[in-house]
Amino acid sequence: MADIDPMKLELIKAAAKQTNGKSGKALAPVLMALIANANRQGIQFSSDEISLILEVLKDGKSKEEQEQIDHMVQMVRSMQKNGKPK
């Protein structure tokens, strides 16, 4: 985490606080807000940084909730691919 831009790290920490105690399904809006907020600030997350965010979100969740998070991530990635201008 030492190599992450301080602004990105603050966004990740804020997302972690917002997800505390939430189930897998409730995490989708938090992740979407994190991405949208970063985009508004001109910040793009790398694949490694997104993986770190997901690990933070999954921490302490049940296997079922972790699977819900993985499913939600697949949906988000699919939406991002489809939404990009060609």
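Student: Which residue just after helix 2 takes a positive phi, and of about how many degrees?

Tutor: The model is a predicted one, and the angle is computed from its coordinates. Helix 2 covers residues 27-40, and the residue in question comes just after helix 2, where a positive phi of about 75 degrees is taken by G42.

Student: Where does a positive phi occur just after helix 1?

Tutor: Helix 1 covers residues 6-19. Just after helix 1, a positive phi of about 85 degrees is found at G21.

Student: Which residues of the largest nonpolar core touch the most other members?

Tutor: The largest nonpolar core has 20 residues, and helix 1 (6-19), helix 2 (27-40), helix 3 (47-58) and helix 4 (63-83) each supply at least two residues of this core. Within that set, the residues that touch the most other members are L31, L34, F45 and I53.

Student: Which helix gives the most to this core, and how many residues does it give?

Tutor: Each of helix 1, helix 2, helix 3 and helix 4 supplies at least two residues of the core. The helix that gives the most is helix 2, with six residues.

Student: Leaving aside neighbours within four places in sequence, which residues are in contact with L34?

Tutor: L34 is one of the residues that touch the most other members of the core, and L34 is also among the buried residues of helix 2. Once the neighbours within four places in sequence are left aside, the contacts of L34 are L11, I12, A15, F45 and I53.

Student: Within what arc do the buried residues of helix 2 fall, seen down its axis?

Tutor: Helix 2 has 14 residues and reaches 20 Å from its first C-alpha to its last, close to the 20 Å expected at 1.5 Å a residue. Its buried residues are L27, V30, L31, L34, I35 and A38. Seen down the axis of helix 2, these buried residues line one face of the helix, because they fall within an arc of 130 degrees.

Student: Which exposed residues are carried by the face of helix 2 turned away from its buried side?

Tutor: The buried side of helix 2 includes L31 and L34. On the face turned away from that side, the exposed residues are P29 and R40.

Student: Within what arc do the buried residues of helix 1 fall?

Tutor: Helix 1 has 14 residues, which at 1.5 Å a residue should span 20 Å, and the 20 Å between its end C-alpha atoms agrees with this. Its buried residues are K8, L9, L11, I12, A15 and T19. Seen down the axis of helix 1, they line one face of the helix, since they fall within an arc of 160 degrees.

Student: What covers the buried residues of helix 1, and which exposed residues does the face turned away carry?

Tutor: What covers the buried residues of helix 1 includes helix 2 and helix 3. The face of helix 1 turned away from its buried side carries exposed residues, namely P6 and K17.

Student: To which backbone nitrogen does a side-chain oxygen of D5 reach at the start of helix 1?

Tutor: Helix 1 runs over residues 6-19. At its start, a side-chain oxygen of D5 comes to within 2.6 Å of a backbone nitrogen, that of M7.

Student: Is E49 buried or exposed?

Tutor: E49 touches I4, K8 and Q44, not counting residues up to four places away in sequence, and its side chain also reaches the backbone nitrogen of S46 at 2.8 Å. The cut-off for burial is under 20% relative accessible area. E49 has a relative accessibility of 11%, so E49 counts as buried.

Student: How far apart are the closest N and O atoms in the salt bridge that D70 forms with K58?

Tutor: D70 counts as partly exposed because its relative accessibility is 33%, whereas K58 is buried, with a relative accessible area of 13%. In the salt bridge between D70 and K58, the separation of the closest N and O atoms is 2.6 Å.

Key
Residues numbered from 1 in each chain as written. Predicted model: local features only at pLDDT ≥ 70, side-chain atom pairs only at ≥ 80, totals over all residues. Heavy atoms only, no water. Core = buried A, V, L, I, M, F, W, Y, C linked by side-chain atoms within 4.5 Å. Buried < 20%, exposed > 50% of the residue type's maximum accessible area, 1.4 Å probe, protein only. Helix = DSSP H or I, 4+ residues; strand = E, 2+ residues; numbered from the N terminus. Contact = heavy atoms within 4.5 Å. Expected span 1.5 Å × (residues − 1). Arc of directions from axis to C-beta. Polar contact = N/O pair within 3.5 Å; in protein donor to acceptor, adjacent residues only side chain to side chain. Salt bridge = Lys/Arg side-chain N within 4 Å of Asp/Glu carboxyl O.
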